[in-house]
Amino acid sequence: MRYTIHKKKTTTLALLGVMACTLIYSCNQEFTKVIPETEPVDSVEVAFGSPRVLYIIADGARGKSVREGEFTHIHSLLPNSIYSWESLSDEETAPQNGTNWADLVTGVQKNKHGVVGDDYSNAQLDNFPSIFERIKENLPESNLQVYTSSQVFHDYLTTGADVRERLDGDAAVQAAAASALAEDDITMVTAHYTDIDAAGHAHGYDLSVAEYRAALTEFDNRLGELLDVLRNRPNYSAENWLIVIKSSKGGDFEIPEWENDNTIFSNPEVNTFTIFYSNRYTTRIINKPFLGIRFQGDFLHFRGQVRGEVTAGNNDFYNLDNSAFTIELKIKKNPGPDNNFEYRYPALLSKRNRWSWDDVGWTIFLEGRGWQFNARGLGGNVGQTNGGNLANATWNSIAVVGVIRDGQRFVRTYTNGQFNNEVNITNYGSITNDLPLILGSRDDNGQADCYIADVRFWKVALPEDVLRQYSCETGVPEDHPYYDFLAGLWPVVGSEGNEIKDEGPFGSHMILSGDNITRDALADYVCAPSSEDLGETVPSNVDVPVQIMTWLKIPRQENWQLDGRVWLDQ
């Protein structure tokens, strides 16, 4: 990059010139570190050239396969890329393409653009238009060209481009994209490839499948050809190119059991890869986040009327009147009665004659996607406190804390150490009864299919910081700051026969009852984030349009309601 500063005869003007040059250089150095989110001043535009984009979409390219294949041209970009082999596509519509294509082009999710799976009949693309329409509206002089071998992609998702062609196969897409990249005034070229997905669909989505590996290799070679065309542009060194390579989805393949962490990251159909390349970027790899601690062992399967009951020992310890308390347990849900993870009121832990609003006592139970605490006192008052939603097919930690403040009683709920809700239960009256503590479903109000473990009962309201620190750990160490207040500890994991041992100070063991008592070997994470939360930790399809428009210095409008985020190289 060259800067020309005219020499002046006076020392003062020379000094001012040097200072200005230093300032411009400093600003430009800072500019290279981030994607600009506002329209830059003219001096920056001149210094860096007008921004341009090469956008490559590859259907069916699993991130894990692309990473392990170490394909030459893909990997050559990584030293100057923000990239991830663990990025995600839409899980609910896998393995169909339509939703993912719409995400990649509109920057909003299916609840807005209306494309569900391959069904475009309810598409809302007038309200949530393509990135090409957005760019053209803001940059009328831009030159946008899109090439695809998919008729559906062409018909629904290329509106707004100056050139939009449906071609016969990836080879034709390749040739057209290469030609467009050679045009002097080109702003953005989009090339959509489908051969990888076709090979995976026919033979299997894994490097061990020869046809799939060959399709990935051919894609990498085509990328290399496009890079050669791009770098041979006469003014390439003065231009400001962003190269985006994004697989729209992965593909079905049976992964080894040791790779399965029972989160969305173990679903090969949604495992994609994402590369944002600029020669001004530094390397940033985005891996999947820390998922938690594995909880391993043989776990009692609670289903039907399988339950444990404290038949010996003092059940008065588990009454909740007029004193602080904390109840903790861990639960892993299996699919429920509607073959999803939603439930209608099955009890998990209770001290009550029946699970009914008419009986004095308390119950922790499942409702919908989450859980609740319900209690009724002798005075006839009854109510419940909502807990949070529970992540599916992985361990969640839930806690109910009874607090006394200024002579009044409150119940607070926590999920995975995070506060949910608080309810004043002073007017409930006495919840005390002489009934046993029961772990598992009751006869009268739904049945869960789940695993329950690490049940803890404390005669103290654990402070929030202590609860957060220990909620996602298993067991209770002797150096726990409130160890002396422990009234019951039922690990459940590793139990044998018809007994669940209480490892707390009072030895209030539970006796198991019910048909089909079984134990299953599990090794799942505790407090792993939900799919929704996990999706925000790595790049997703809706992020690409936002990244591109930001690169093109198009200010993000609030009324566009974009769902994507911008990824930076730091």
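**Helices and their buried faces**

Trainee: What covers the buried residues of α10?

Mentor: Among the elements covering the buried residues of α10 are β1 (51-58) and α11 (210-231). Contact means heavy atoms within 4.5 Å. Helices (H or I, at least four residues) and strands (E, at least two) are DSSP runs numbered from the N terminus. This is a predicted model, in which local features need pLDDT of at least 70 and side-chain atom pairs count only at pLDDT 80 or more, while totals for chains, interfaces and linings use all residues. Residues are numbered from 1 along each chain as its sequence is written, and side-chain values use heavy atoms, leaving out hydrogens and water.

Trainee: Which residues of α10 are buried, and on which side do they lie?

Mentor: An α-helix has 3.6 residues a turn, so residues three or four places apart point the same way. In α10 (residues 195-203), Ile 196, Asp 197, Ala 199 and Gly 200 are buried. They span an arc of only 160 degrees around the axis, which puts them on the same side of α10; the arc is taken from the directions from the helix axis to the C-beta atoms. Buried means under 20% relative accessible area, exposed over 50%, and partly exposed in between (1.4 Å probe, protein chains only). His 201 and Ala 202 are exposed on the face of α10 turned away from its buried side. After α10 comes Gly 204, with a positive phi near 130 degrees.

Trainee: Which residues of α7 are buried?

Mentor: In α7 (residues 131-138), the buried residues are Ile 131, Phe 132, Arg 134 and Ile 135. Viewed down the axis of α7, they fall within an arc of 160 degrees, so they line one face of the helix. Their cover includes α5 (98-106), β3 (144-148), α8 (151-157), β5 (188-193) and α14 (543-551).

Trainee: Which strands pair with β17, and is β17 mostly covered or uncovered?

Mentor: β17 (residues 408-415) is mostly covered, 7 of its 8 residues being buried. It pairs in the antiparallel sense with β16 (residues 395-405) over 8 bridges and with β18 (residues 418-424) over 6 bridges. Arg 405 has Gln 408 in β17 as its bridge partner. The hairpin of β16 and β17 has 2 residues between the strands, and Asp 406 there takes a positive phi near 55 degrees. The hairpin of β17 and β18 also has 2 residues between its strands, with Asn 416 in the turn at a positive phi of about 50 degrees. Tyr 414 stands opposite Phe 419 in β18.

Trainee: How many aromatic pairs does the structure hold?

Mentor: Rings of Phe, Tyr and Trp (its six-membered ring) pair if their centres lie within 6.5 Å; planes under 30 degrees apart count as stacked, over 60 as edge-to-face and the rest as tilted. The structure holds 19 such pairs. In one of them, the rings of Tyr 120 and Tyr 156 have centres 4.4 Å apart and planes at 25 degrees, so the pair is stacked. Tyr 120 lies in the loop between α6 (110-113) and α7, and Tyr 156 in α8, so the pair ties together parts that are 36 residues apart in sequence. The rings of Tyr 414 and Phe 419 have centres 5.6 Å apart and planes at 70 degrees, so that pair is edge-to-face. Tyr 414 is buried at 3% relative accessible area, whereas Phe 419 is partly exposed at 36%.

Trainee: Which side chains make polar contacts with that of Ser 87?

Mentor: A polar contact is a pair of N or O atoms within 3.5 Å; within protein, one must be able to donate a hydrogen and the other to accept it, and residues adjacent in sequence count only if both atoms are side-chain atoms. The side chain of Ser 87 makes such contacts with the side chains of Thr 272 (2.7 Å) and Thr 274 (2.8 Å). Ser 87 lies in β2 (residues 81-88) and is buried, with a relative accessible area of 0%.

Terms used. Two strands pair if DSSP finds at least two bridges between them.
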